[in-house]
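Reader: Could we go through this structure together? I would like to begin with the whole chain and then turn to details.

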Amino acid sequence: MSADPSRLPFSFARDHQVALDGVRLVYGPKATVFGLREAARRAAEATRPHPLNQEDFDARLASLYQSNGADDGTDELLFDLEDGAGAGGPRDLLEDSTEAPVIQLVNQLLRRAVTSGASDLHVEPHEGGLRARLRIDGFLQTVLDRNDVPVRRVISRLKVMANLDIAETRLPQDGRIALRLGGRAIDTRVSTLPGNYGERVVLRVLDRSAGLMPLDGLGLKPRHIEILERLSALPNGIILATGPTGSGKTTTLYSLLQLANRDERNIVTVEDPIEYDLPGVSQSQINSDIGMTFAAGLRATLRQDPDVILVGEIRDTETASIAAQAALTGHLVFSSLHANGSVGAVVRLRDLGLDDFLIASTLRGVIAQRLLRRLCESCKIPRTPNRAEAEQFDALGIAAPEQVWDAMGCEACNNSGYAGRVGIFEIVPVTEALRSAIDKGASEQQLVGLSLEPQFTLLGQGLEAVALGRTTLSETLRVVGDTV
């Protein structure tokens, strides 16, 4: 309960859609008569109720109780479980006062992960206690490392929220937590792994309300956008996005899907997880526990009269084969693939068992991408490139810039020297010459020579970003490497 007797408890304000904002009484569209009466009774003076729409009320409610800090014990209620901990879940854990500090700690970590834009939250028991780290801009940053934390209760709290078996500590488990923060829908994928000092938990944070970005907002150049618009208008074939985990492949595919989304086209997706809600698109969630794999989902979508199919990932021979058959039978297929570069996708498809003639006849284009940390504008320092750095540019036939920038670090960027990330892209449309080479079994190096000039490779695009002062050479070489 709040220390202020006139203050409404968060759970009451949320459930009855009423809140006291200073001397104002605000309420949402689902406010109850009982809630309005109780709020009016607690108000310091007579006040006229002020109506808000649902989005504004949710945001105002979160702002009121979040800004209050942890003093009144409301922090543990800032995150509301959308499902999984309702009437059928262990409600006693939420209401047991002895567990309040654990609930508060877990929700502070979750809130910090969301507000800082982290992609992952790592909760790791170790010999000295518990460590929590956030992956921000691709790097893990420690936000908690203490020896006085009840490790098992923290892990159990996360497992309860994710509807996992808290009694099973010997096997890995996967689950999800659906949350809301200030009206924002947050979807969290939870993975546990047994270790020496307890179960390790990693949470992938997906902000469903972040919205999709237009192609130019991703960092694509006009030349790239023109190629992608042409590819997305094709009637059939496979278009692949490649790159390591966390490189933005799914975001790019979703943006491409927006280009292909027209009223006369039926678009069906098979994803794991569904990261964004796409209006007018039928989206299906993978669930391997009950046999709903990518291959099974893709096979089922072919019976839904689709024009365009998005497959979250091609990760096995069966999925690759079905995707190729779908492309041969008049469907446009978007998917992602783990490969080192654009041309490397051909080698990966061969590795998955597809014949060269099948790859040549179905593949229409490949996008390889990486995310580089963007230099902080407040503290980057220019200098003249040294000889070794100039040689990196000369090797690709790119004129060395007069100056490059170093990351220094300041308060604005948390002393990292970087703030945000910038995408670099390597896009290869499959031309007739490239198709003929694939059909003949050409090597990756031969295919690179046919498809890309050095300045248009990932390394070339990274060096261009360095010359423009967007990132550092060391960051580019860390992410891309020093070979074309």
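This is a predicted model: local features need pLDDT of at least 70, side-chain atom pairs count only at pLDDT 80 or more; totals for chains, interfaces and linings use all residues.

Reader: How many helices and strands are in the chain?
Author: The chain has 17 helices and 19 strands. Both are DSSP runs numbered from the N terminus, helices being H or I with at least four residues and strands being E with at least two.

Reader: And what percentage of the residues is buried?
Author: Of the 484 residues in the chain, 47% are buried. Buried means under 20% relative accessible area, exposed means over 50%, and partly exposed lies in between, with a 1.4 Å probe and protein chains only.

Reader: What share of the contacts joins residues at least 24 apart?
Author: The share is 63%, taken among contacts between residues at least 6 apart in sequence. A contact means heavy atoms within 4.5 Å.

Reader: Turning to helix pairs, at what angle do helix 16 and helix 17 pack?
Author: Helix 16 (residues 458–467) and helix 17 (residues 473–480) pack at about 160 degrees, and their axes are 9 Å apart. Axes are lines fitted to C-alpha atoms, for helices over the stretch in contact, and angles run from 0 to 180 degrees between N-to-C directions.

Reader: Are helix 16 and helix 17 roughly parallel or antiparallel, then?
Author: Helix 16 and helix 17 are roughly antiparallel to each other. The cut-offs are under 35 degrees for roughly parallel, over 145 for roughly antiparallel, 65 to 115 for roughly perpendicular, and oblique for the rest. Helix 16 passes helix 17 in a right-handed crossing. A crossing is right-handed if the near helix is turned clockwise from the far one by less than a right angle, and left-handed if anticlockwise.

Reader: Which residues of helix 16 and helix 17 meet?
Author: Leu458, Leu459, Gly462, Leu463 and Val466 of helix 16 meet Leu473, Thr476, Leu477 and Val480 of helix 17. By class, this contact of helix 16 with helix 17 has seven nonpolar, two polar and no charged residues. Ala, Val, Leu, Ile, Met, Phe, Trp, Tyr, Cys and Pro count as nonpolar, Asp, Glu, Lys and Arg as charged, and the others, Gly among them, as polar.

Reader: How are helix 5 and helix 6 placed to each other?
Author: Helix 5 and helix 6 are roughly perpendicular. Helix 5 (residues 100–115) packs on helix 6 (residues 151–161) at about 65 degrees, with axes 9 Å apart, and the crossing is right-handed. Helix 5 contributes Val102, Ile103, Leu105, Val106, Asn107 and Leu110, and helix 6 contributes Arg153, Val154, Arg157, Leu158 and Met161. The classes are eight nonpolar, one polar and two charged residues.

Reader: What about helix 9 and helix 10: which way is the crossing handed?
Author: Helix 9 passes helix 10 in a left-handed crossing. Helix 9 (residues 294–301) and helix 10 (residues 317–328) pack at about 20 degrees with axes 8 Å apart, and they are roughly parallel to each other.

Reader: On to helix faces. Which residues of helix 13 are buried?
Author: In helix 13 (residues 387–395), the buried residues are Glu389, Ala390, Gln392 and Phe393. They lie on the same side of helix 13 because they cover an arc of only 150 degrees around the axis. That arc is taken from the directions from the helix axis to the C-beta atoms. Arg387 and Ala395, on the other side of helix 13, are exposed.

Reader: What covers the buried residues of helix 13?
Author: The cover includes strand 17 (381–383), strand 18 (404–406), helix 16 and helix 17.

Reader: Lastly, the loops. Where is Asn414 found?
Author: Asn414 is found in the loop between strand 18 and strand 19, and Asn415 has its place in that loop between strand 18 and strand 19 too. Phi of Asn414 is positive, near 60 degrees, in a residue other than glycine. Asn415 is not a glycine either, and its phi is positive at about 65 degrees.

Reader: Are Asn414 and Asn415 buried or exposed?
Author: Asn414 counts as exposed at 55% relative accessibility, and Asn415 counts as exposed at 59%.

Conventions:
Residues are numbered from 1 along each chain as its sequence is written. Side-chain values use heavy atoms; hydrogens and water are left out.
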